[in-house]
Amino acid sequence: MLLNILYAILLILLLTTVYVVVRTILFQRGQGSVKSFTAVPVDEAEIAHHLATAVRCPTAPLDDTGTPDPEAFRQLHQLLAETYPLVHQQLEREVVNGYSLLYTWHGRDPKLEPVMLMAHQDVVSAPPEGWTHPPFAGEIADGFIWGRGTLDIKNQLIGIMEAAEILLRQGYQPERTILFGLGHDEETGGVNGCKVMGELLKERGIHLAGIVDEGGGIIEGMASGVRGPVALIGVSEKGYLTVEFTVKGTPGHSSTPPPQTAIGILAQAIARLENHPLPPRLRRLRSLYHGIGRAAPLYVQVAFANVWLFCPLLRRWLVPVPEMNASMRTTTAVTIIQGGIEDNTVPAEAKAIVNFRLLPGDTIADVLQHIKKVVKDERVQFSPVPGKFNEALPVSSHQTAVYAGLKQVIRQVFDNPPVAPFVMLGGTDCQHFVPVCDDIFRFTSLVMDESFRGLEHGIDERIPIAGMARMVIFYAQLMQVWGTKEMV
Ligand SMILES: [Zn+2]
């Protein structure tokens with residue numbers, strides 16, 4: 001009898017091990033072979049010069065509301081027209097709401113849904129202090145193009161234009177219509193640029209087959225233990241919700257305080273919120289690690305291939321890493337607290353502001369429900385701050401031809417890195433096209449390592465000349481692949 005039980009346990013252990021191993025092998029399956037391709041010819045020095053000239057048009061907004069500087073945009077538009085004559089002869093060009101640009105490269109088959117490549121023309125401001133080369137001088141030195149916008153995201157603007165000009169010179173015409181959507185106020189929310197452009201497309205009854213906008217990239221040293229560069233494609237963006245909490249208490253003198261003050265009640269509610277965050281969802285990270293595949297350490301592959309078994313272990317590893325934690329759950333951040341002004345007076349009111357970043361799958365209503373359940377105190381009033389909330393964006397599928405086409409081009413141009421989908425923590429202009437497109441991807445075609453950290457929106461923003469040239473090759477290849485009926 002005892003022996004039989006022992007045999008049964010051994011058998012279960014053996015079967016479990018086999019199951020874990022088989023699932024890991026299936027999980028690790030390679031990405032298949034890459035189709036060979038011919039890169040378009042590029043002139044690195046000329047491309048660098050074109051980007052440098054674009055940097056010299058200081059398209060930073062004039063104020064916090066994003067008021068554009070008309071002269072800077074006039075300069076940039078003129079520069080584009082002069083530098084890319086074929087684009088301006090053969091594509092349709094529309095100015096949307098004064099400054100944004102919409103180009104249409106008509107395909108041979110007008111029945112096919114168009115695709116859109118995006119970049120924004122505006123940049124964030126840049127006080128000149130601390131820069132090796134002034135932020136709007138557009139200097140080329142030490143193998144880099146220096147200045148504001150070289151990484152965010154005039155590189156992409158010039159990359160798209162340059163690629164189209166080269167293809168037009170070669171006599172290429174796409175089968176599928178290709179649009180270039182170039183907003184002018186992305187850094188301040190895109191409400192006057194791409195939002196208007198999105199509405200315009202909807203009015204015209206245009207539905208897009210795919211979009212590529214900024215975000216992601218080919219990242220070296222993505223997470224500890226992951227070997228080599230990994231291409232990350234953003235398939236969604238987290239949502240945003242700021243909630244104000246208010247507690248009204250009994251004001252009075254601190255010599256005869258009530259049993260609990262407004263501050264005490266609020267503090268308790270905040271502590272409960274921090275102690276009960278929204279649940280982590282490993283599913284979101286699973287597709288990421290599936291894409292990374294063999295580049296991840298073996299134990300990570302085994303764990304993600306068998307989440308059913310290693311779920312508690314994975315949580316214990318990942319929750320303490322802020323980036324990983326933010327990638328798999330709606331986060332809770334207490335950012336402002338107010339209450340009381342005098343040491344001897346019990347205040348009548350205490351207030352706090354908490355900022356949530358919503359993982360796709362969690363709605364604003366879900367979070368408000370969660371708050372109610374966790375705080376469990378009628379004395380604590382809470383409501384979303386007007387204008388400070390938006391739902392997470394829909395998740396674009398990574399199992400479609402349009403994704404496969406993008407993935408193939410990345411693998412062709414960047415020496416076959418693993419390609420994986422992920423959820424962006426911040427927002428971009430492409431959010432304004434959700435009503436007209438289901439397949440929206442955020443991918444900046446640039447290899448980035450530790451040395452790029454802090455350069456975007458920071459001091460000494462710069463891009464390697466070779467990286468900029470490769471971006472042009474990427475766009476030319478993507479236009480030729482997405483420009484077909486099959487898109488792959
Ligand atoms: Zn940007």
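Select Pro347 and show what surrounds it: leaving aside neighbours within four places in sequence, Pro347 is in contact with Gly249, Pro251, Ala262, Ile263, Gly339 and Gly340. Contact here means that two C-beta atoms, placed from the backbone, lie within 7 Å. Pro347 sits in the loop between strand 13 (345–346) and strand 14 (349–358). Helices (H or I, at least four residues) and strands (E, at least two) are DSSP runs, numbered from the N terminus.

Is Pro347 buried or exposed? Pro347 counts as buried because it has 20 C-beta neighbours inside 10 Å. The cut-offs are 20 or more other C-beta atoms within 10 Å for buried, 12 or fewer for exposed, and partly exposed in between, with C-beta atoms placed from the backbone. Now put a distance on Pro347 and Ala262: their C-alpha atoms are separated by 7.1 Å, although the two are 85 residues apart along the chain.

Two housekeeping notes. Residues are numbered from 1 along each chain as its sequence is written. The model is predicted, so local features need pLDDT of at least 70 and side-chain atom pairs count only at pLDDT 80 or more, while totals for chains, interfaces and linings use all residues.

Zoom out to the whole chain. Of the 488 residues, 44% are buried.

Next, colour by domain. The domain assignment, automatic or from a database, gives domain 1 (44–234 + 395–482) and domain 2 (239–390). Their C-alpha centres lie 34 Å apart, and the contact takes 14 residues from domain 1 and 15 residues from domain 2. On the domain 1 side, strand 16 (residues 419–424) gives the most, with five residues. That side has 10 nonpolar, three polar and one charged residues. For these classes, Ala, Val, Leu, Ile, Met, Phe, Trp, Tyr, Cys and Pro are nonpolar, Asp, Glu, Lys and Arg are charged, and the others, Gly among them, are polar.

Now for the core. Which residues touch the most other members of the largest nonpolar core? Pick Ile211, Leu406 and Tyr475, out of 123 residues. Such a core is a set of buried Ala, Val, Leu, Ile, Met, Phe, Trp, Tyr and Cys residues joined through C-beta atoms within 7 Å. Helix 14 (residues 465–482) gives the most to this core, with 13 residues. Both domain 1 and domain 2 give residues to the core, so it lies between them. Centre on Tyr475 and, beyond four places in sequence, you will see contacts with Leu117, Gly159, Ile160 and Ala163.

Last stop: helix 9 (residues 298–305). Its buried residues are Val300, Gln301, Ala303, Phe304 and Ala305, and they pack against helix 1 (2–28), helix 8 (282–292) and helix 10 (307–318).
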